[in-house]
Amino acid sequence: MHEVDMTRCLLLSLAEWRDSQSSAPQEVRTVHLDVGEFTCVEPDALVTTYAAAVGGTWLERSSLKINSIPLVGRCPCCDSTYTPTVMQQYRSPCCSAPLEDILSGRELRIRRIESAPI
């Protein structure tokens, strides 16, 4: 389960964010994440590991809100976009060309942090 490692990295990023704040300490309420479908991160597992990891910490009252980003590819032959699937072996539906150009679906980033002064 690499969600545990993802949670560790997320907590390090949030600590860096907290340390970079020049204003009064902030209470984090919601961490908004973009998670691409092609990252192999299970959103429910990430929420669970995050909740377990923040217990008893400065993030204890925060939660994750995950925005799922669909996998979208571009056909190298006709330049059209499509949603690759395992059933198609990620090939283009128009000509069976292999998936070479991923337009979205690999994202794993903090989109926004909702916070308020303590």
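I am working with a predicted model, in which local features need pLDDT of at least 70 and side-chain atom pairs count only at pLDDT 80 or more, while totals for chains, interfaces and linings use all residues. Residues are numbered from 1 along each chain as its sequence is written, and side-chain values use heavy atoms, with hydrogens and water left out.

I read two helices and six strands in the protein chain, in the sequence pattern α-β-α-β-β-β-β-β. Both kinds of element are DSSP runs numbered from the N terminus: helices are H or I with at least four residues, strands are E with at least two.

I noted an accessible surface of about 7300 Å² for the protein chain, with 52% of it belonging to carbon and sulfur atoms. The areas come from the Shrake-Rupley method with a 1.4 Å probe, and for residues only the protein chains shown count as cover. Buried residues make up 33% of the 118; buried means under 20% relative accessible area, exposed over 50%, and partly exposed in between. Of the contacts (heavy atoms within 4.5 Å) with a separation of 6 or more, 71% are between residues 24 or more positions apart.

Which residues touch the most other members of the largest nonpolar core? I found Leu10, Val31, Leu33, Tyr50 and Leu64, out of 13 residues in that core. Helix 1 (3-20), strand 1 (26-36) and helix 2 (43-54) each supply at least two residues of this core, and strand 1 gives the largest share, four residues. Such a core is a set of buried Ala, Val, Leu, Ile, Met, Phe, Trp, Tyr and Cys residues joined through side-chain atoms within 4.5 Å. I then listed the contacts of Val31 beyond its neighbours within four places in sequence; among them are Leu10, Leu14, Tyr50, Leu64 and Ile110.

I counted zero disulfides, the cut-off being a pair of cysteine sulfur atoms within 2.5 Å. Cys94 is in none, and its nearest cysteine sulfur, that of Cys78, is 3.4 Å away. Cys94 is partly exposed at 48% relative accessibility, and Cys95 is partly exposed at 35%.

I found nine salt bridges, each a side-chain nitrogen of Lys or Arg within 4 Å of a carboxyl oxygen of Asp or Glu. Arg8 pairs with Asp5 at 3.0 Å between the closest N and O atoms; both lie in helix 1, three residues apart, about one turn of the helix. Arg8 is exposed at 51%, whereas Asp5 is partly exposed at 40%. Asp79 and Arg74 meet at 3.7 Å, N to O. Arg112 and Glu114 meet at 3.5 Å. Glu27, Arg29 and Arg61 form a linked network of salt bridges.

Note on methods
Buried means under 20% relative accessible area, exposed over 50%, partly exposed in between (1.4 Å probe, protein chains only).
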